[in-house]
Amino acid sequence: MKKYLYPITETLLTLMIFALIMSALIPLVENKQSYTKYKAFYDTPEEYDVLFCGDSHMMNTAYTMELWKNHGIRAYNIANSAESMPVTYYVIKNALDHCDPKVIVIDTFFTYNNRIMTAGKEMLPHQYFDMLPLSKNKIEAVNCLFDSRETRFGYLFDFSLYHSRWNELERGDFFPEYNGFGGAEPLLASYTVKPPSGKMSKKHDMAKRPEEYLGKIKSLCDEKGIKLICVMNPYAMWFENKTGNVDFEKTFSKLGIEFIDLRESDLVDIYADSGDVAHLNMTGARKITDFYGKYLTEHSYVPDPAPCDEALWNKNYEYYIEKKKAVFPMAADCAGVLSDLNDPDFIFDLTLRKGYVPEGTIALMLDNARSFDNVNISAEGEADDDILVRIRPASGGDYFFEKSYRLSPSSL
Amino acid sequence: MVFNSLSFLIFFPTVVLVYYLIPCRVRYLWLLFASWFFYMSWNISYGLLLLFSTATAYFGALLLSRAKNSGSGKRILIISLLAEFCPLVFFKYTGFILDSINHVFEVAGSYAPFALPDILLPIGISFYTFQAAGYIIDVYRGTVEAERNFFRFALFVAFFPQLVAGPIERTKNLLSQLDCTARFDFEKARDGLYLMLWGYIMKVVIADRIAIFVNCVYESPLKYGGVYLITAAMLFSIQIYCDFAGYSTIAKGAAKILGINLMDNFNSPTLSISVSEYWRRWHISLTSWFRDYLYIPLGGNRKGPKRKLLNKFVVFTISGLWHGADWTYVMWGSLNGIFIILEDIASSALGRIPAFPGSKHLKLPIKLIKWLLTCILVDIAYIFFRAVNMGSAFLIIESILKTSNWKELTNGGIFSCGLDVKNFVFLLIMIAMLMLVDLFNNKGIRLRTLLAGKPLPLRSLLTAAAAVFILLFGIWGSTYDAAEFIYFQF
């Protein structure tokens, strides 16, 4: 026995040290996108009554922290960029392993796409799967969604993909932070929409695969007693996009799913509230979030919410405000900064140069902002620049953002 | 199933575990099963070729041993060798021969008479064919007895660690070890593991990293100027060394864990101070095969100096052809032959010059100059080895001779070929480390022996750290364009 003791000790010790180093290394080199988005969700999955799912249209729209603040609804946004309906199905299926929501709201923009995975976008689901603990459902999802063995391996053991990040590690990799937006992704930008050139024609039925997976999602929700709502969030170029031709009502009534089409609603001013061709900016997103809050409350879809950890939510909301502050310096231009004017957590003091007449999107934004209590506009500026934007917390305190802009015609 | 694949990381421990759990007398059968499985994991029909090669050598050798005292030995030898080499010639050289004939017709202004067949080269065929052929010749010469047990002999041909990329083992060394199956020896297995780890570092960390740069430059050599081509040419000789020696080292380590010692295939070739020394240290199993089975039968150095030089040239040219069925490989082999002949002539001429006072102080600088010259000559020859065709090789050399874009070395241009600054610096550090290890090896210092003598916790820490190092810095996984071991093409 003694002669075996030494080799066994050495082998076990080596394996233990190897496992220890790897357990520290794997999360270090991992792309933090998934951590940033899902850390808060997996820390307290029992906290959520509503899940917002689907593609980037939902990811950029449902500001769940504000839903809690303004409507008392505890929700998390688990939507991801370019997510096809099969991916959404597996995202929901895996999320339900961890939480027990009462309502699931899905954006159905990607139902126009019949593919499981959009070509060239095979890496995007990493933003969901990386943070997902290994489980039977995760393995099933990876096997169903990806053809190549190598890609599947990369999803189940993402170190095989990320180990080459050793040369790009930053402070954020050593001290990662979650995004604080309750899964949503803010779009602090502005996009000038051209007027629609045609009308929605509704020529054809929804593609087979998304319809099949919507059916699966419906069955999954029915099985667990979850209310399923499908929506089409507003976006600038819907009338020129493939979704304009799909007869959604027909499919959703066949599947027995409640459907809300917001593409032509007047909830947003699409000319001022778009961040880009396909997504709402922060002002637009906040308006739609408010609509969701009212809709879910009015329809009593979350009738008796479980007692929540108030202190945790308050703490998270404080963190959310801090994260929002950090977004302003990232805006590319003045219109980008002004795209958050309806944020009640901040006071915007805007000083326009004497004689300066705003045009285009800026004019629209400022016009809309006149009805906001948190925006002060003065036209007495003496400086050379056209607009001085100063932002301070509504709860009191100094300006945390101060920047002046000289607006060339191209930035309007 | 390549050594740097997940399949192998599952396959190998399973083989080892079962190997030491089953009774000794059937272990060779288990290894044979594992080896055939390993080989057929590429393509199941390859198994037939392996079986043909095995059966030819096995029955050929049996016939030879029976015909020992009759005059038919030579005839049996020739028939056996012809049969043994037939698949290799068909699969590897048919396309090359027909293409060359077509080219002659085209040069003569006529139409190419042959359509080129689409023949897939079975992996490792050059290696196991040469190993089996060596066995036939050994039996003919009477240096070994013909093996009676077909399955044991089949294992000698198919032993999976060295099956697809060598070393090309000698009958005396390997076959005899397959007879006795030793008990599990922890020290030996640990040594094998250290060898495997070092092999993986050479292959996955160094060779595959260099491949990113070299592939980028050689894919469109005209796009890149001389500096890129010089760097690529220098790096390629290190790439191919680390690729091939890395594989051989993993093979040696894997065999050692199974209690079997394979021959050394490389002996620090980067430190050579002449091309002939380079070839004594490089792919030793093949070089010695050619020496024993071709160079010496051709007359070696026994038939006068001129014939000796001619024999060397012939051997190196054929060695080039062994590496690949293309004129670029022939050129590579021939160039090495020419360099060695010139070295022979130069050294005999220099040998007649008497030593002058103080010449012993010049030993080191002369050694360095010789080393540098050897590197340059070897790198030049490798341009033909790596280039897609002869035209491309000459264009690369022309471009190198006209090099003017030296500023690319300092303005960051060199980092645009797949390796960023950090990767490049890391690569240079790894190359320095490789040279250091080679230097130690050359002095007879084995780092793994030193490591084995360290206290257990330190040993465990360093072993685990080496495995992590390979996983972290190795080129593998989804982002890795899985580069096959270069020598699989041969």
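How many Å separate the centres of domain 1 of chain A and domain 2 of chain A, taken over C-alpha atoms? I looked this up and got 30 Å.

**Ground rules**

I am working with a predicted model, in which local features need pLDDT of at least 70, side-chain atom pairs count only at pLDDT 80 or more, and totals for chains, interfaces and linings use all residues. Residues are numbered from 1 along each chain as its sequence is written, chains are lettered from A and ligands numbered from 1 in the order in which they are written, and side-chain values use heavy atoms, with hydrogens and water left out.

**Entry: the two domains of chain A**

I took the bounds from the domain assignment, which gives domain 1 (25–327) and domain 2 (331–411) of chain A; such bounds come from an automatic or database assignment.

I then asked for contacts, meaning heavy atoms within 4.5 Å. In chain A, 20 residues of domain 1 touch 19 residues of domain 2. I also noted the buried area, which is the accessible area (1.4 Å probe) that two parts lose on being put together, summed over both. For domain 1 and domain 2 of chain A this is about 1400 Å², with 53% of it on carbon and sulfur atoms. On the side of domain 1 of chain A, the residues that lose the most area to domain 2 are A:L188, A:R286 and A:K325, together 33% of what that side buries.

Next I looked at charges. Side chains of opposite charge can pair when their charged atoms come close. My rule for a salt bridge is a side-chain nitrogen of Lys or Arg within 4 Å of a carboxyl oxygen of Asp or Glu. Between domain 1 and domain 2 of chain A I count 4 salt bridges. I noted the pair A:K324 and A:D343, whose closest N and O atoms are 2.9 Å apart.

For polar contacts I use a pair of N or O atoms within 3.5 Å; within protein, one must be able to donate a hydrogen and the other to accept it, and residues adjacent in sequence count only if both atoms are side-chain atoms. Domain 1 and domain 2 of chain A have 10 residue pairs in polar contact, both residues at pLDDT 80 or more.

Which elements give two or more residues to the side of domain 1 of chain A that touches domain 2 of chain A? I found α13 (282–298) and α14 (310–327) of chain A. Here helices (H or I, at least four residues) and strands (E, at least two) are DSSP runs, numbered from the N terminus. The largest share of that side, 6 residues, comes from α14(A).

**Entry: salt bridges overall**

I searched the whole structure and found 41 salt bridges over all chains. One I wrote down joins A:R406 and A:D385 (3.5 Å, N to O). A:R406 lies in the segment after β9 (401–405) of chain A and A:D385 in the loop between β7 (375–381) and β8 (387–393) of chain A, so this pair ties together parts 21 residues apart in sequence.

**Entry: chain B against chain A**

The contact takes 29 residues from chain B and 24 residues from chain A. I get about 2400 Å² buried between the two chains, 68% of it on carbon and sulfur atoms.

The rule finds 2 salt bridges across this interface. I noted B:R190 with A:E10, the closest N and O atoms being 2.8 Å apart. There are also 10 residue pairs in polar contact across the interface of chain B and chain A (both at pLDDT 80 or more).

On the chain B side, α1 (6–21), α9 (186–219), α17 (421–442) and α19 (456–473) each supply at least two residues. The most, 13 residues, comes from α19(B).

**Entry: the two domains of chain B**

Chain B is divided into domain 1 (6–181) and domain 2 (188–273 + 371–489). Their centres are 28 Å apart, taken over C-alpha atoms. I find 28 residues of domain 1 of chain B in contact with 19 residues of domain 2 of chain B.

These two domains bury about 1900 Å² between them, 70% of it on carbon and sulfur atoms.
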